[in-house]
Amino acid sequence: MSREWQLVETSGIDEHRLVAEGRDKKGWRKLSSVHRGPALSAVNSLIGECIEKADVVTTTITNDKALEKLGPAAIAVPVLGGDRKTVVAVQFYSGSPTQQHPERPDVGVWEWEVDVEDAPPRLHMSKELLDLFGVNSAHRDRTIYGPADFFTRVERIGDIARYLRTLYEPPRDDGTNDGAMVIRRDSGEHCELRYAERRLKTPAGERLRGLCWDTGEDARGVYESMLDSHLASTLAGLHGMFGIIGDIRFPKAPYIVKWLTPRVPGIGHGVSTGQTPALHPDDFPKILQWMEDVRKGPVEGKVRARRGGGGWLEMQFKGYLLDPAVSDVLGTALVYPDSIEHIED
């Protein structure tokens, strides 16, 4: 019998894969390595019906051998993608109908459009993922998001660096990946999320589709795991600086990955989340040169960023590569608050 809810990923063209049991990762196990014989047939049948109906399906197990393995009843719950139509996974549980089910973990879905040329990938997030990320209602005004909407809530800098590598580099042979990250929700609450994702071909192009759920880690464990990131933010704040981590792999579309400190007062919301072109077009010749020079050492200068309500904010900054041993496109910049000026041109 299933003692916990099983999360079965159904996006691939091969056999369905078990990626989680309860809140624990299971590492992309073939369903046939978990259930066998009549039990496997019963599970596959229930999952197939759940996918077809895109709705909750329950059944009574009558086959003696399946009954022995699964128990007398089973339920399948669809996990829907951002379009609220496509079933990308199924949560399955079996056992006695008279016993209370264990808590079913909420599962969110992200989908990156990874075949966008010369620009950051576009991101689709399901309602459940927005809930897990703790995105407040003021920031749910779009159907397509960007990297900063995702990474600004990721607390551990190492998680960001690892995930960016899997996002942009060729996938491993089977196209799958999994991991964990600590999220700071808009409310200030922290939680650890696990994920399992697959790179796949769709009629609309290449996509990276992820399933995500809360690990249930206690607060102390979560805070201990992010002390390094907390220290970086604290040091920047103590010096009165504004700090960002940026990605410069797209020379014509550099974007903010994460704010290490509160955002620069007055900066446009689109700029703060990386959704709109942030920088003054006349500054791009300097910016392109800085991107080249920062690979040799620190750079500094003045740059204009879009201001909320119109106009520009001109500010002085100093920039570095975050760690050349990790990435030559992931950098950090500190903005001097006394240098920020509001200008119109």
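The entries below go from the ground rules to helices, cores and single residues.

**Ground rules**

I am reading a predicted model, in which local features need pLDDT of at least 70 and side-chain atom pairs count only at pLDDT 80 or more, while totals for chains, interfaces and linings use all residues. I number residues from 1 along each chain as its sequence is written, and I note that side-chain values use heavy atoms, with hydrogens and water left out.

**Helix α1**

I began with α1, which runs over residues 37-53; helices (H or I, at least four residues) and strands (E, at least two) are DSSP runs, numbered from the N terminus. I found that α1 has 17 residues and reaches 25 Å from its first C-alpha to its last, close to the 24 Å expected at 1.5 Å a residue, where the expected span is 1.5 Å times one less than the number of residues.

Which residues of α1 are buried? I noted Ala39, Leu40, Val43, Leu46, Ile47 and Cys50; buried means under 20% relative accessible area, exposed over 50%, and partly exposed in between, with a 1.4 Å probe and protein chains only. These residues lie on the same side of α1, because they cover an arc of only 135° around the axis, the arc being that of the directions from the helix axis to the C-beta atoms. On the face of α1 turned away from its buried side I found the exposed residues Glu52 and Lys53. The buried residues of α1 are covered by elements including β1 (6-9), β4, α2 (64-70), β5 (73-80) and β6 (87-95).

Ala54 has a positive phi near 50° although it is a residue other than glycine, sits in the loop between α1 and β4 (57-60), and is partly exposed at a relative accessible area of 33%.

**Trp28**

I also looked up Trp28, which has a positive phi of about 60° and is not a glycine. Trp28 lies in strand β3 (residues 24-30) and is buried, with a relative accessible area of 6%.

**Helix α9 and the cores**

In α9 (residues 284-293) I found Ile287, Trp290 and Met291 buried. They cover an arc of only 100° around the axis, so they are on the same side of α9. These buried residues of α9 pack against β14 (299-306) and β15 (312-321).

I next asked which residues have the most contacts inside the largest nonpolar core. That core has 32 residues, and those with the most contacts inside it are Trp110, Trp112, Phe150, Phe151, Tyr163, Leu164 and Val257; a nonpolar core is a set of buried Ala, Val, Leu, Ile, Met, Phe, Trp, Tyr and Cys residues joined through side-chain atoms within 4.5 Å. Helix α5 gives the most to this core, with six residues. A second, separate core of 21 residues includes Trp259, Ile287, Met291 and Val329. I keep in mind that, in soluble globular proteins, nonpolar side chains tend to be buried together.

Not counting residues up to four places away in sequence, Val257 touches residues including Phe151, Ile160, Leu164 and Leu330, where contact means heavy atoms within 4.5 Å.

**Asp159**

I found Asp159 in helix α5 (residues 157-168), and at 4% relative accessibility Asp159 counts as buried. The side chains of Asp159 and Arg156 are joined by a polar contact of 2.6 Å, meaning a pair of N or O atoms within 3.5 Å; within protein, one must be able to donate a hydrogen and the other to accept it, and residues adjacent in sequence count only if both atoms are side-chain atoms. Leaving aside neighbours within four places in sequence, Asp159 is in contact with Val154, Ala180, Met181 and Val182.

Asp214 lies in strand β11 and counts as buried at 18% relative accessibility. The side chain of Asp214 reaches the backbone nitrogen of Gly216 at 2.8 Å.

Thr215 lies in the loop between β11 (205-214) and α6 (219-225) and is buried at 11%. Beyond its neighbours within four places in sequence, Thr215 is in contact with Arg23, Glu192, Leu193 and Arg194.

My last entry is Gly311, in the loop between β14 and β15. Gly311 and Thr215 are 96 residues apart in sequence and 44 Å apart in space, C-alpha to C-alpha.
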